[in-house]
Amino acid sequence: MQQHLQQARQLIADARRVVALTGAGISAESGIRTFRDPGGLWRNFRPEDLATPEAFKRDPVTVWEWYQWRRQLIAAASPNAGHLALVRLQQRQGLTLITQNVDGLHDRAGSTGILKLHGDIWTLRCTACGHAWHDETHTFAALPPPCERCGAMARPGVVWFGEALPEVVFRQAAEAAAAADLFLVIGTSAVVFPAASLIRQRKNCTVMEINIERTAATSNADLALRGPAGEILPQLVMD
Ligand code: BV8
Ligand code: ZN
């Protein structure tokens, strides 16, 4: 592993256009359960069952209870050494950070210009007038919360399964991936599309995966570092 770390450190130091795609795994060491962790269930629901427009239409209160529970967990969590290492990398040599996560921990760590493919759990969007706003309420007076502008039902400002990703953000991510000379794939099972398709956008680019286990992206990686992102990333970016 030591030899791999040395090789990885050199690849990062030599890179001119670094892109990172992160998934739920980078927040695991902050205590936020991932989607596919055995513990990732809530009241025996699977995320795929709740993170859909159909579930919200059928039972907006239960879906909002899940999001309110996740918001409370995330509010009590802090960015970990993996998030902070990506901030240092961006400050030292620039980085395009693309995330599938909606937890906002990259923002709280200090990353900027983040391309959020799946939206943001701290944004609410009105189902009637489309107004969107940042809201950090921990416990809403009533669920579903009302739009702050027109009073109609608000929804979480995230992208659900079956919903299109924000077009401009995804295009920027695809352009960055295509122009990268180093692509870091961090803490993602690479099973959710079209986010995972970015890993295949690469042209003459080195792909480095950081994960605790093999994933659907491993066969496409030039270098796979096996271990927790919060331990590995600081070693790759140390000055
Ligand atoms: C869409 C927001 C079409 C909500 C999320 C092919 C092409 C296009 C679509 C599809 C397709 N095949 C299937 C689809 C449909 C679907 C899909 O991909 N389904 C999957 C389940 C097969 N995709 C969609 O529906 C997308 N929309 O395609 O729309 C369209 C087009 C036009 C018009 C209309 C419609 C929308 C997908 C977005 C869904 N929303 N999140 C919310 O969060 O509540 S996705 C959700 O999964 C999270 O964002 C999460 O981040 C993401 C991906 O999962 P991961 O991040 O990878 O997390 P996971 O738990 O899976 O893995 C964690 C990894 O970390 C593991 O590998 C683990 O080993 C590792 N790990 C753990 N600890 C650590 C670690 N690594 C390092 N260190 C550690 N300490
Ligand atoms: Zn409204």
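Before anything else, a word on what I mean by a donor: it is an N, O or S atom within 2.8 Å of the metal. With that in hand, hello everyone, and let me walk you through this structure, which is a predicted model.

Let's start at the metal. Along the chain, the donors of the zinc ion, ligand 2, follow the spacing C-x2-C-x17-C-x2-C. The residues behind that pattern are Cys126, Cys129, Cys147 and Cys150, and each coordinates the zinc ion through its SG atom, at 2.3 Å. How are the four donor atoms arranged around the zinc ion? The arrangement is tetrahedral, because the angles they subtend run from 102 to 120 degrees, and the cut-off for that label asks that all angles lie between 85 and 135 degrees.

Cys126 has a relative accessible area of 4%, so it is buried. Cys129 has a relative accessibility of 35%, and therefore counts as partly exposed.

Now please turn to the other ligand. Which residues come nearest to ligand 1? Of the 35 residues around it, those are Arg36, Tyr67, Arg70, Gly162 and Ser189. There are also some polar atoms to point out. An oxygen atom of ligand 1 lies 2.7 Å from a backbone N or O atom of Gln100. For Val159, a polar backbone atom is 2.7 Å from a nitrogen atom of ligand 1. And with Asn211, the side chain places an N or O atom 2.7 Å from an oxygen atom of the ligand. On its own, ligand 1 has 1500 Å² of accessible area, and the protein covers 76% of that. If you want to find the shell by its elements, helix H2 (25–28) and helix H5 (60–75) are the ones that give two or more residues to it.

His83 sits in helix H6, residues 81–93. Is His83 buried or exposed? His83 counts as buried, because its relative accessibility is 0%. Its side chain makes a polar contact with the side chain of Ser27, at 3.4 Å. A polar atom of the His83 side chain also lies 3.0 Å from the backbone nitrogen of Asn80. Leaving aside residues up to four places away in sequence, His83 touches Ile26, Ser27, Ser30, Leu105, His106 and Ala109.

From there, let's go to Leu115, in strand E3, residues 115–116. Leu115 is buried, with a relative accessible area of 11%. Not counting residues up to four places away in sequence, its contacts include Thr96, Leu97, Ile98, Thr99 and Gln172. That last one is worth a look: Gln172 is 57 residues from Leu115 along the chain, and their C-alpha atoms are separated by 7.8 Å.

I'll finish with some backbone details in the loops. The peptide bond from Leu143 to Pro144 is cis, with omega near -5 degrees. Pro144 belongs to the loop between strand E5 (132–134) and strand E6 (154–158). The peptide bond from Phe193 to Pro194 is cis too, with omega near 0 degrees. Pro194 lies in the loop between strand E7 (182–186) and strand E8 (206–211). Ala190 is also found in the loop between E7 and E8. What is phi of Ala190 near? The value is near 55 degrees, which is positive in a residue other than glycine. Ala190 is buried, with a relative accessible area of 5%.

Conventions. Residues numbered from 1 in each chain as written. Chains lettered and ligands numbered in written order. Predicted model: local features only at pLDDT ≥ 70, side-chain atom pairs only at ≥ 80, totals over all residues. Heavy atoms only, no water. Donors = N, O, S within 2.8 Å, 3.2 Å for Na, K, Ca; no water. Tetrahedral: all angles 85-135°; square planar, octahedral: opposite > 155°, others 65-115°. Buried < 20%, exposed > 50% of the residue type's maximum accessible area, 1.4 Å probe, protein only. Helix = DSSP H or I, 4+ residues; strand = E, 2+ residues; numbered from the N terminus. Contact = heavy atoms within 4.5 Å. Near = heavy atom within 4 Å. Polar contact = N/O pair within 3.5 Å; in protein donor to acceptor, adjacent residues only side chain to side chain. Areas by Shrake-Rupley, 256 points an atom, 1.4 Å probe, with all protein chains shown as cover.
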